[in-house]
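Here's a quick briefing on what sits inside this fold. Have the model open as you read.

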Amino acid sequence: MPEAERAQENAPAPPEREAIAGCLLGGAVGDALGLPYEGLTRRRAARLLGPAVRHRFLLGRGMISDDTEHAIFTAQALIAAHGRPELFERRLARSLRWWLASVPAGVGFATLRSILKLWIGFPPSRSGVFSAGNGPAMRSPLLGVACGGGEARLREFVLRSTRMTHSDPRAYHAALAAAVAARLSATGASLTADSYLAAAQSALAGQPCGELMALLAKAAASAQRGDPLQVFAESIGCGQGVSGCILHTVPCVVQVWLRRATDFGGAMTEMISAGGDADTTAAILGAIIGARVGRAGIPPQWLSGLNEWPHNAAWLERLAQRLHDSLRG
């Protein structure tokens, strides 16, 4: 068999379009629902806004933030890359540079510094700053859904996405753990805490990530007991709000996901009620669960309530279709 035909025969099947669309839509909805709660403690959020059961940003509508914008840039970079990691990295870096030039609101300090380094000529492989912030986890669920070809390929794409903004190895490890969750979610396979831990351990094999794995194991055990998120969050020092540290965010997201793998609405309300970096935690969790339930599993009023031109639900679905088509090609 010719080499080209053998490679085509062994190529992974592209992800289902619905998984890609659900990942993008779920992340955007979580982002928009959580944005009014961002930075509030758990108690203050409950007192001022109540549970996150509807959009509250402006006249009952929802607006996205950098969490969704980074997912969009990731999708566009994947489309442009045609499977080439180095091209993906260059395209994502270019998108981030021009995004900063638009003076976005709420950009994280680590992301700000790293993009400034991109502007003055640092290559994407060396532009990241030493931080374990949440930025890389905003981009990684879509990589988990879209990057077929085994663990090595997923690791490479997540690493290239992470290191251009965050050079702390913990940021890469936790972003990869989030990508693994999204990959498992998109397959629709039977999910258990043990199966997730095994997949995460396999993807992170050989990495010095004992702290993260201990937190993920604690999250899995908490989920198996059926603990509400608040119990787990308090056990890791996040009782009044999930911090912007990726080592807090990803385990909290995993704890809710393992209990509510198909319950998009309940997962969003519980995640946001924990307080803290609510738009980012809800965006990551929404992307992971959305990859499994698709558009049909997301409350339609939350989708129709997205009020961010041009990035409404219909636009995100068209982007998902383009990404799906590019992966098939």
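A cavity here is a set of points, on a 1 Å grid over the protein atoms alone, where a 1.4 Å probe fits but cannot get out, and its lining residues have an atom within 4 Å of a point. This is a predicted model, with local features needing pLDDT of at least 70 and side-chain atom pairs counting only at pLDDT 80 or more, while totals for chains, interfaces and linings use all residues. Residues are numbered from 1 along each chain as its sequence is written, and side-chain values use heavy atoms, with hydrogens and water left out.

- The largest cavity has a volume of about 110 Å³, a volume being the space filled by probe spheres set on the points.
- It has 14 lining residues, and G27, A71, M138, A283 and A287 come closest to its centre.
- Helices (DSSP runs of H or I, at least four residues) α2 (17-34), α4 (66-81), α7 (135-146) and α15 (278-293) each give two or more residues to the lining.

**Helix α6**
- In α6 (residues 109-119), A110, T111, S114, I115 and L118 are buried, meaning under 20% relative accessible area with a 1.4 Å probe, protein chains only.
- They lie on the same side of α6 because they cover an arc of only 125° around the axis, taken from the directions from the helix axis to the C-beta atoms.
- Their cover includes α4 and α5 (85-101), through contacts (heavy atoms within 4.5 Å).
- Just after α6, G121 takes a positive phi of about 115°.

**Around L285**
- Not counting residues up to four places away in sequence, L285 touches V253, V256, W257, A267, M268 and M271.

Note on methods. On a 1 Å grid over the protein atoms alone, a cavity is a set of points where a 1.4 Å probe fits but cannot get out, and a pocket is an open set with protein on both sides within 12 Å along at least five of seven lines; lining residues have an atom within 4 Å of a point. Buried means under 20% relative accessible area, exposed over 50%, partly exposed in between (1.4 Å probe, protein chains only).
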